[in-house]
Amino acid sequence: MNLTEAAYQSDPGGPLDVDRELYGRIGSMTEGRELVDAFTIPIRSGRAWEVPAGHVCRIVTIEGPQVADLNLWNLHDPRERLWASRTRQLQAAHVSVFDRLWSTLPFLRPLVTITGDSLADYGVDDEGGRVHDLLGTRCDPYVNQMLNDAPFDYHCHSNLTRAVRPWHLTEFDVHDVLNVFQCTGLNEQDQYFMKTCPAKQGDYFEFFAEIDILAALSTCPGGDLSVPMFGPEAGDTESVCRPLGIEVYQVPDEALTGWQSPQRAAYSRDHGLAARPWA
């Protein structure tokens, strides 16, 4: 047995064995899609929107490279939200097509499945960088104040906080993110690094909503991350910031053949609190 293989595994056909035929069909059957929502998120801002179950959402680099921080919730119960750390364990630290983004306990089910990624072939670069990471989290004004000794209200945490206010959510609901289009890794000192975004104009990242989703996205104030945000070489990043486009599509009925929305985790949630039979 190779003990360096993935720790979390299931049998073939089990919950971690995604139906590639189904999701490949959803991702590839684009001609019959119906656009139901489309908008642009300006630089250094955030927006939240709804993605109904059975729809796909595409994030597009409409003007060039730009990284973004994505949050996901169950539209009807925001206590169920993206669980970045468990998704790292069940899927990977960097995700792409056929990977799923899982929800928090006690729900533990896929919120979305990735069905499109124009950077899927990026792989691992010469410095160990990969794209679309769950390793890091959102930039925030608290760390900025600590490291730069300056207030700044347009970090991703703040952008997401403003974005979800119309849904009566607060910064306590903002959570660890998927860094879309971001190229990251761990250096020789096992420290998190961020590289210049490799995306080009027209690149995209697409996910399929397994349940009714509230999504929120921040266009990171670091832009394409070609200019450091922290440290002695930090500079003004506004010139490398670009907007992102959002498109939500209803997919053809025939693409959904065999799909059903996932149920909540089957565990009874007893946690050993019931009296033992020998007590």
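This is a predicted model: local features need pLDDT of at least 70, side-chain atom pairs count only at pLDDT 80 or more; totals for chains, interfaces and linings use all residues.

User: Is Trp-49 buried or exposed?

Analyst: Residues are numbered from 1 along each chain as its sequence is written, and side-chain values use heavy atoms, with hydrogens and water left out. Buried means under 20% relative accessible area, exposed over 50%, and partly exposed in between (1.4 Å probe, protein chains only). With a relative accessible area of 2%, Trp-49 is buried.

User: How do I read a ring pair, and how many aromatic pairs does the structure hold?

Analyst: Two values describe a pair of aromatic rings: the distance of the centres and the angle of the planes. Rings of Phe, Tyr and Trp (its six-membered ring) pair if their centres lie within 6.5 Å; planes under 30 degrees apart count as stacked, over 60 as edge-to-face and the rest as tilted. The structure holds 4 aromatic pairs. In one of them, the ring centres of Phe-39 and Trp-49 are 5.5 Å apart and the planes lie at 70°, so this pair is edge-to-face. Phe-39 counts as buried, at 10% relative accessibility.

User: What are the ring geometry and the exposure of Phe-152 and Tyr-154?

Analyst: The centres of Phe-152 and Tyr-154 are 5.9 Å apart with planes at 70°, so that pair is edge-to-face. Phe-152 is partly exposed at 25%, and Tyr-154 is partly exposed at 41%.

User: Which residues do ring pairs link into a cluster?

Analyst: Tyr-23, Phe-208 and Trp-259 are linked in this way.
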